[in-house]
Amino acid sequence: MLPRVYLNDGKGNLQRLTGAFDRTVMLTASCVVPYDFDGDGAIDLFLGGRAVPNEYGTIPRSYLLKNDGKGKFTDVTDQYSKELSKAGFVKHAVWCDLDKDGDQDLVLSLEWDGIVAFVNDKGKFSKKYITDNKGWWNFTLPVDVDGDGDLDLVAGNLGENNRFKASVQNPVRLYYNDYDDNGKKEQVLTYYLAGKEIPFATKDELVKQIPELKKKYLYAEEFAKAGLTDIFKKEKLEKAALLTANYFSNVILINNGSWNFTLKELPWEAQLTPYRNAAIADVNNDNSPDILLAGNFYPNNIQMGEYDGDYGTVLINNGNGKFSCALLNGCVIKGEVRHIRKISTGKKDSFILARNNDSLKVISFR
């Protein structure tokens, strides 16, 4: 769980630098994003905490790490922001100048929360919500989509093609507590069906984690009729750590200035899967940024099924923050795309797509 630094000798040979991190910097991280936030010429780091091992439901710690110029990193998180270390379940982070003041702000995409900016004010960071819609946000891509000179954000979420139809009135929730008093906390995921909050897990799945429910509900019919507070003790639910999600659409956030953003949902063709990454591409040579999207997620349980509804999608920029969807003109991208990176191949740009448990794929637009 200790991060590592590898030094490049200039010829593509990488050697590990021992002692780069103190042993207190131990985490399951989702991302490492570099930026010289103290302006001393040495590249510093933000490490986004993804989860606490074996304790999903406990908010992990994230880190701002200062570089001494020799590759030795020191935790300075609390010196720069009291809130950043416990920002939430970080899925993605990016440095970008959202307020056009000349320095980089830190934008975090959070699970069970909104999209949050830690605003850089002369080396101190203050928390500000870009959207407080609580989703399972996967990433943000800063890009000026409307040509007004400031950065907007393309944001990937779970999408709308799934069993969870979360809203403010009917959210998806996670209750994290020790329900059977065995010293280990369990996660109870719930959603609303016909106005009733019910566990997502089946009776058999719950019994594996909480065996006492087997005697309480001998028949599936009895379990099906039971409410949430019938299955679990009310005091256990009330004392549980509670996580909430009420919004799952993939969106674009239009920057109106002064930290005000307008949320615009992407067309329905771009709601069929969770998007994990995106890249800027001008596919029709109109000098307006179009967006290449990719995603999918396979290892769900049987009830959810594979999220495989995307084969590569381009958002065509129609101006004024409006987009339409187009396919990749015969090119089919199957698999779980985790990252997209633009590279230069001769006189044109190409895109490398990194797919989970699969080969890399390289595409370019003619």
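This is a predicted model: local features need pLDDT of at least 70, side-chain atom pairs count only at pLDDT 80 or more; totals for chains, interfaces and linings use all residues.

Biologist: What makes Lys66 and Asp38 a salt bridge?

Modeller: The closest N and O atoms of Lys66 and Asp38 are 2.4 Å apart. The criterion asks for a side-chain nitrogen of Lys or Arg within 4 Å of a carboxyl oxygen of Asp or Glu, so the pair qualifies. Lys66 is in strand β5 (residues 63-67), and Asp38 is in the loop between β3 (28-34) and β4 (45-51), 28 residues apart. A search of the whole structure gives 11 salt bridges.

Biologist: Are Lys66 and Asp38 buried, exposed or partly exposed, and why?

Modeller: Lys66 has a relative accessible area of 29%, and Asp38 has 23%. Buried requires under 20% and exposed over 50%, so both residues are called partly exposed.

Biologist: How do you know that Glu111 and Arg50 meet in a salt bridge, and why is Glu111 called buried?

Modeller: The N to O distance for Glu111 and Arg50 is 3.1 Å, which falls within the 4 Å limit, and therefore the pair is a salt bridge. It links distant parts of the chain, with Glu111 in strand β8 (residues 105-121) and Arg50 in strand β4, 61 residues apart. Glu111 has a relative accessible area of 10%; this is under 20%, so the residue is buried.

Biologist: What makes Lys236 buried and Asp181 exposed?

Modeller: Lys236 has a relative accessible area of 16%, under the 20% limit, and is therefore buried. Asp181 stands at 53%, over the 50% limit, and so counts as exposed. Their side chains meet in a salt bridge at 2.6 Å, N to O. Lys236 lies in helix α6 (residues 234-239) and Asp181 in the loop between β12 (172-177) and β13 (186-193), so the pair ties together parts 55 residues apart in sequence.

Biologist: Why are β8 and β9 said to pair, and in which sense?

Modeller: Pairing requires at least two bridges; β8 and strand β9 (residues 124-136) have 9, so they pair, in the antiparallel sense.

Biologist: What makes β8 mostly covered?

Modeller: In β8, 16 of its 17 residues are buried.

Biologist: Why is the pair of Tyr56 and Phe89 called tilted?

Modeller: The ring centres of Tyr56 and Phe89 are 5.2 Å apart, within 6.5 Å, so the rings pair. Their planes meet at 40°; stacked needs under 30 degrees and edge-to-face over 60, and therefore the pair is tilted. Phe89, at 2% relative accessibility, is under 20% and so counts as buried, while Tyr56, at 24%, is partly exposed.

Biologist: How do you know that Lys124 lies over the face of Tyr80?

Modeller: Lys124 is at 5.9 Å from the ring centre of Tyr80. Tyr80 is buried, as is Phe125.

Terms used:
Residues are numbered from 1 along each chain as its sequence is written. Side-chain values use heavy atoms; hydrogens and water are left out. Helices (H or I, at least four residues) and strands (E, at least two) are DSSP runs, numbered from the N terminus. Buried means under 20% relative accessible area, exposed over 50%, partly exposed in between (1.4 Å probe, protein chains only). Rings of Phe, Tyr and Trp (its six-membered ring) pair if their centres lie within 6.5 Å; planes under 30 degrees apart count as stacked, over 60 as edge-to-face and the rest as tilted. A charge sits over a ring if NZ of Lys or CZ of Arg is within 6 Å of the ring centre and within 35 degrees of the ring normal.
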